[in-house]
Amino acid sequence: MGNEFVSYSFLLLLVVTQLALVVTSNGADVLRLHSMDSDGMHIGGENNVRHSSPGGGWAVSMDDPNDPAVQVFALIKDLVVGKKMPIYFPYIKDPASFQFFPKEATRHIPFSSEAIPELLRFFAFSPDSKQALAMRQTLEVCEKEPKQGEVRGCATNIDSLADFARGILGSDSQVQILRSSLLSDPSTPLVQNYTILDFKAISTGDIVPCHSEPYPYPVYYCHFQLGAESRVFKVYLRGENGEMMDSVFLCHMDTSTWRPGHVAFRLLGVKAGESEVCHFMAAHDLAMFPVPK
């Protein structure tokens with residue numbers, strides 16, 4: 001692993017579009033802590049968002065169905081116009097912090113656990129600080145070996161994000177990126193009831209989710225399970241406080257390899273391999289898929 005973590009050999013054009021933002025990547029507020037379960041899903045924590053917990057961040061327990069951050073799971077049959085459901089959407093204070101840095105700005109900064117002492121000096125972080133903990137945690141996620149049939153990696157700039165997508169979706173693919181819209185009202189509760197106003201299917205097949213990670217500059221963790229079909233929808237929502245949302249709704253159609261104790265199964269009343277599991281995605285995460293030819 002070198003100074004630039006993701007570098008692939010595919011050199012074709014990526015066409016990027018998204019729901020509500022100019023093409024950017026998620027910024028990484030180093031005070032945000034996250035938790036990743038054994039199925040590669042990231043739940044909880046925040047990226048430059050308002051939070052009610054002390055210290056401005058948490059590492060959510062994947063075994064705690066009462067944690068507000070797990071209020072994102074649903075089934076396809078739940079997509080009914082007029083239906084109300086409680087959903088977790090964090091407010092993002094500074095959307096500008098979600099933009100990738102130019103590749104030239106970070107290419108000479110090591111991106112490796114072996115370089116943590118150098119990184120701590122470079123960013124002037126105390127070894128025991130929240131920033132240092134978050135940075136170690138992200139590097140650990142990025143360096144973890146993939147499970148059988150899984151492809152994973154961390155992108156530190158738009159080029160490496162494009163290369164990761166090409167490597168999975170095909171070197172000649174045009175790729176679309178979807179991301180949920182931003183909340184406009186900073187007083188919007190983390191969890192409130194949202195009414196489904198409309199929805200539409202966007203894509204079925206190979207879909208790559210990416211999650212923003214806590215780091216001094218924007219980093220995405222992207223993962224993909226080979227041979228596992230996914231579906232992505234755009235869902236139009238209205239919150240109880242009047243907040244309007246265009247949300248990405250991602251469905252994992254094959255859950256047979258998921259941990260049986262996954263919190264989603266308990267919340268939805270289904271079992272691994274017997275049902276899809278879907279989740280609403282916050283604006284600091286994204287989904288990539290090929291544009292139909």
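**View 1. Helix H3 (130–143) is part of what covers the buried residues of helix H2.** Contact here means heavy atoms within 4.5 Å. Helices (H or I, at least four residues) and strands (E, at least two) are DSSP runs, numbered from the N terminus. This is a predicted model, so local features need pLDDT of at least 70 and side-chain atom pairs count only at pLDDT 80 or more, while totals for chains, interfaces and linings use all residues. Residues are numbered from 1 along each chain as its sequence is written, and side-chain values use heavy atoms, with hydrogens and water left out.

**View 2. Helix H2 (residues 116–123) has a buried side and a face turned away from it.** Ile116, Leu119, Leu120 and Phe123 are the buried ones; buried means under 20% relative accessible area, exposed over 50%, and partly exposed in between (1.4 Å probe, protein chains only). These four sit on the same side of H2 because they cover an arc of only 100° around the axis, the arc being that of the directions from the helix axis to the C-beta atoms. Look at the face turned away from that buried side and you'll find Arg121 and Phe122, both exposed.

**View 3. Cys142 and Cys154 make up one of the three disulfides in the structure.** A disulfide is a pair of cysteine sulfur atoms within 2.5 Å, and in this pair the sulfurs are 1.9 Å apart. Cys142 belongs to helix H3 and Cys154 to strand E5 (residues 150–155), so the bond ties together parts that are 12 residues apart in sequence. With a torsion of about -90° about the S-S bond, the Cys142 and Cys154 disulfide is left-handed. Both Cys142 and Cys154 are buried.

**View 4. Cys210 and Cys222 form a disulfide with sulfur atoms 2.1 Å apart.** Cys210 comes from strand E8 (residues 208–212) and Cys222 from strand E9 (residues 220–225), so parts 12 residues apart in sequence get tied together. The S-S torsion of Cys210 and Cys222 is about 110°, so this one is right-handed. Cys210 is buried at a relative accessible area of 0%, and Cys222 is buried at 1%.

**View 5. Cys251 and Cys278 are joined by a disulfide, sulfur to sulfur 2.1 Å.** This pair links distant parts of the chain, 27 residues apart: Cys251 in strand E11 (residues 244–252) and Cys278 in strand E12 (residues 277–281). A torsion of about 105° about the S-S bond of Cys251 and Cys278 makes the disulfide right-handed. Cys251 counts as buried at 0% relative accessibility, and Cys278 counts as buried at 0% too. Number the bonded cysteines of the chain in sequence order and the pairing reads 1-2, 3-4, 5-6.
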